[in-house]
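Hi,

Here's the structure I said I'd pass along.

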Amino acid sequence: MSTQENKMEAIVSLAKRRGFIYPGSDIYGGLSGTWDYGPLGVTLKRNIMQLWWRMFVEERDDMYGVDAAILMNQKVWQASGHVDTFTDPLVEDLETKQRFRADHLLKDAGVEVDGLSLDDMSRVIKERGIKSPNGNELSEVRTFNMMFKTTVGPVANDDSISYLRPETAQGIFTNYKNIVDSFYPNLPFGVAQQGKAFRNEISPRDFIFRSREFEQMEIEYFVDPSHWEESFEHWRQQVWRWTQALGLADEAVHELEVPENDRAHYSKRTIDFEFDFPIGREELLGLAYRTDFDLMNIQNKSGKSMDYTIKGTNTKFVPHVIEPSFGVERAVMAVLSSAYTEDEINGESRVVLKLPAHLAPVKVAISPLVRNKPELVERAREIYERFKKAHGAVMWDDNGNIGKRYRRQDEIGTPYCVVVDFQTLEDGTVTVRDRDTTEQRRLSVDDVLSL
Ligand code: ATP
């Protein structure tokens, strides 16, 4: 097994053991492609989502947030093309009836799949004698729509069909006119949304990387088509700011300029940002110039004008769109895998999550040196309460000896451990231990609070 595979396994196991991420419905044998965030995971995920909201909505004056309903009128998905074309190529194991992504099996067998039609894929599978992962014959390749279908209301018929949204973007496009009517912003301006998306992936795999229920953070940035290149470049730079804010090394992030024949037909330019995950180099997020495709579809289907009038003029047009589309799970997985480190301290090996301090679920752990001295425990409790009020993300930890506490906090990425000892009772200083260097310093409580 490669060391990268070992690393992936170690991360999945740490995530479960320490309360970051559990397999969904585990107690009933699981539900493939679903994951539950535990106490540390939900905080890490929220820290990532809040950082994004701060950087891309709150710190800017050209961005508007929305939180649209997950269930939408089925016309949304007819107009957007999802009902007809949001499909993946599927093959079936003829013995077990298990289903697989045909393009993934082909890629695993070293076949270049970009641009292959369904018939091409079926032919290559036959010619090369490609079998299912169980070693059995495979069916012809056919398409499979990835949207989860449901019905709304007490009567199930064609009119009550709805879908769990497969992307958050459409909740933005359908509110474009509302935002213009309420705020009439100057172009360019953007609308941002974070929230759940659902895709019935044929073969969810690689931990949270390919899930059936996940979260997206998307921006539709509305521009004058004659200036789209400027805005595209702007968002390309913003994506780099984002990957740096996540603490990802620039060398591990790669831009893949998607060639014309692989782009959606309406997209004039797309860059996939890939990351060197332990599972290999894979898509972290996407940046696409979607032209006026979505707003025009809405205009045609709804009969309502999507025109934007430049203020003080009679110049009207349907804006074009630059779309940076971020996946939360992939950000979490990139952050965890770039933070996961095994090193040696004084001849002892340890696991440490070198999370950027602003993302770490616990910022400081507070311990009394020993548990059986009431005056020490009382003082440590007071200090803990002060930290908790000031920073929230503070953990009380008095289990086992100090060395064990440090190891445990290293494993969950806590940047600082504060130990209250007998000297604290005399001069009010505490020991502060740094996660990455393991260095210890004596500081006053006030100095630590302002760190
Ligand atoms: P892929 O090619 O990996 O299936 P995609 O190109 O279909 O991804 P988009 O439709 O561009 O993905 O979705 C935007 C972002 O949403 C992706 O860059 C990714 O971060 C995230 N995403 C998409 N599908 C999933 C999934 N099944 N699980 C987790 N995140 C996902």
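Predicted model: local features only at pLDDT ≥ 70, side-chain atom pairs only at ≥ 80, totals over all residues.

Let's start with Glu-218: its side chain makes a polar contact of 2.6 Å with the side chain of Ser-325. (By polar contact I mean a pair of N or O atoms within 3.5 Å; within protein, one must be able to donate a hydrogen and the other to accept it, and residues adjacent in sequence count only if both atoms are side-chain atoms.)

Numbering runs from 1 along each chain as its sequence is written, and side-chain values use heavy atoms, with hydrogens and water left out.

Back to Glu-218, which sits in strand 10 (residues 213-223); strands are DSSP E runs of at least two residues and helices H or I runs of at least four, numbered from the N terminus. Glu-218 is buried, at 2% relative accessible area (buried is under 20%, exposed over 50%, partly exposed in between, with a 1.4 Å probe and protein chains only). A polar atom of its side chain also lies 2.7 Å from the backbone nitrogen of Ala-169.

Then there's Asp-421, in the loop between strand 21 (416-420) and helix 14 (422-427). Asp-421 is buried too, with a relative accessible area of 13%. Its side chain has a polar contact of 3.0 Å with that of Arg-442, and one of its side-chain polar atoms is 3.2 Å from the backbone nitrogen of Gln-423.

Cheers
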